[in-house]
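Hi,

Here is the structure I promised to pass on. Have a look at it first, and then read my notes below.

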Amino acid sequence: MKSSVIGSRVVREDAWGKVFGQTKFPADVNLPGQIYAVVIRSPHPHAKVLGINSEKAMSLEGVVTVLTAKDVPNNSHGVLFRDQPVLAEYVRMVGDPVAVVGAETEEIARAAAKLVVVEYEVLPAVFDPEEAMTPAVLPLHPNLRPTNVLYHMPIRRGNMEEGWAKADIVIEKEYSTQHVDHAFLQPEAVLAYVDERGHMVVQTATQYAHYDRGEIAHALGLRFSQVQVKTLAVGGAFGGREDISLQIIAALMARYTLRPVKMENTREESFYSHSKRHPMKMYYKTGATKDGKLVALEAKIIGDAGAYASWSINVLRKSAVHASGPYVIPNVSIDSYAVFTNNPYAGAMRGFGAAQTVLAYESQMDLLARKIGISPLEIRLRNHFKVGSTTATGQVLTGSVPLDQCLAKIAPYLERGGDSQ
Amino acid sequence: MIEINLVVNEKPYTLNVEPSERLIDALRNRLGLLGTKEGCGEGECGACTVIMDGKTVNSCLVLAAQANGSVITTIEGVGNRRSPHPVQKAFVEVGAVQCGFCTPGMVLSAKNLLDRNLKPSETEIGIAMSGNLCRCTGYDKILRAVKIAAEEGAK
């Protein structure tokens, strides 16, 4: 089949605007009469807000208002569960927003934010998900889950006893990964205003405009039809713009002041106001025969969801599904968990839970190869998925499975034993 | 306030700036040149790159007052749809543009290299672009675009 489209290069329509610097990102839009809003965030990972005194901040010339939890009609949002406050009375992580100040200029707003006095009752915090799983630790979201275990995904295939009986070589190791920030190049920015119809218009960079719209409407007590979200040039996201950051807070300020409201995060504020990649602790036990065939895998994966659920269930589900890698293993027992802690909340990020497990299962392959005395390439050739293979979750692969072609391309690298030799 | 005189994109300006005002603020807020982007505010990312007296600078690390008497080129002063700069043309054709937030700074760093050196080596291109981060990780195409622009320009 001949086509003028398939196989030919297409110039993306937004490219010219971007090379000339004409493209509008949210930081680039302004309205006459706009005010600036700045968020006051908790320095404590777990605390109750006992009181907020904004008298000093309000006395600063040019300050329009200071809003707190009591000013939010429905104080919750979230992609899977509405477990995240717009402005917190109960703080579950460093960086939880507790108040927002609106002022005539950004300088005044930033100065006023420093004058808002928040009194906290600091509570004991838990940072280790394995500790958070134990029954002795009080749950962070008792309305959602009786313990801090938000999610458990078990995968069982074959018979583990038989699998271990066939294993001539067993490698047992622990792996862990750390928090990662998307650090999309454009920090969060919003322009929110009430238009001539009385509708709330929010211009922002988001991966999820229709969800933002619903959460803004919910939190402010508006109908969907009264909220419009306009996505400007996104400026990088990588999963970090799937949750709400400043959208509701800006809209809240616009609703109270009836002035257009501009918000722009500094890079430091950006780190506090969006999700992170899940740190994972991965316990792996992998067995193979002496001729290099995988026979058994037992894996336990504990993902640190941090303070809020965000996409943790979907992320740790994906970790479980990908835990055996692209390899045929007849006997498998996988348990994947998402656990609440007082760490920054974790959510979507490139790979969505599949990336972390690569470290574990590929390291196991290299260690097995070394112990058996075959090359890293050979052990992969003997075990990789082909058309007709069955995965750990029981899926029979019928489509395109060109792993042999991928391996052929990197064969010289793998035969050398990677970069180390 | 401090009075400064500077030339931006071949136009002379006299501005009254705050002592603490950064060059990026003066360009964006006083001159409306919004193509200069702020990614980090501490000179790490290069999104705010402008050319000042023939050298690329992070405009978030230069005080507006320090730019007194200088000649500055921002992205608005480089090419247009009718006559794009070879760097801009190459970026579009190669696909070196993704989210676009780093693009103005990238284009200026590349242009400034080619203004000085029409036949840069790959190493020289790498060094010239090293102050500009692309979090979409599109570096390969960006470096390729600079190379193509250099070859086009050298013809």
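The contact between the two chains takes 28 residues from chain A and 37 residues from chain B, where contact means heavy atoms within 4.5 Å. Before going on, note that this is a predicted model, in which local features need pLDDT of at least 70, side-chain atom pairs count only at pLDDT 80 or more, and totals for chains, interfaces and linings use all residues. Residues are numbered from 1 along each chain as its sequence is written, chains are lettered from A and ligands numbered from 1 in the order in which they are written, and side-chain values use heavy atoms, with hydrogens and water left out.

Back to the interface. Chain A and chain B bury about 2400 Å² between them, 60% of it on carbon and sulfur atoms; buried area here is the accessible area (1.4 Å probe) that two parts lose on being put together, summed over both. On the chain A side, A:Val19, A:Phe20 and A:Leu185 supply 29% of the area that chain A buries against chain B, more than any other three residues.

Helix α2(B), residues 86–94, is worth a look too. B:Val87, B:Gln88, B:Ala90, B:Phe91, B:Val92 and B:Val94 are buried there, meaning under 20% relative accessible area, with exposed over 50% and partly exposed in between (1.4 Å probe, protein chains only). Helices (H or I, at least four residues) and strands (E, at least two) are DSSP runs, numbered from the N terminus. The buried residues of α2(B) pack against α1 (15–19) of chain A as well as α3 (103–116) and α5 (139–154) of chain B. After α2(B) comes B:Gly95, with a positive phi near 90 degrees.

In chain A, α3(A) has A:Ala109, A:Ala112 and A:Ala113 buried. Those three cover an arc of only 100 degrees around the axis, so they sit on the same side of α3(A) (the arc is that of the directions from the helix axis to the C-beta atoms). Their packing partners are β1 (35–41), α2 (55–59), β3 (63–68) and β5 (97–103) of chain A.

On a 1 Å grid over the protein atoms alone, a cavity is a set of points where a 1.4 Å probe fits but cannot get out, and a pocket is an open set with protein on both sides within 12 Å along at least five of seven lines; lining residues have an atom within 4 Å of a point. Grid points are joined across faces, edges and corners, and a volume is the space filled by probe spheres set on the points.

The largest pocket has a volume of about 1000 Å³. It is lined by 34 residues, with A:Glu106, A:Glu107, B:Arg22, B:Asp25 and B:Asn29 nearest its centre. The largest share of that lining, five residues, comes from α1(B). By class, the lining has eight nonpolar, eight polar and 18 charged residues (Ala, Val, Leu, Ile, Met, Phe, Trp, Tyr, Cys and Pro count as nonpolar, Asp, Glu, Lys and Arg as charged, and the others, Gly among them, as polar).

A search of the whole structure also turns up five cavities of 30 Å³ or more. The largest cavity has a volume of about 150 Å³, and of its 17 lining residues A:Arg41, A:Gln84, A:Pro97, A:Ile244 and A:Ser245 are closest to the centre.

Cheers
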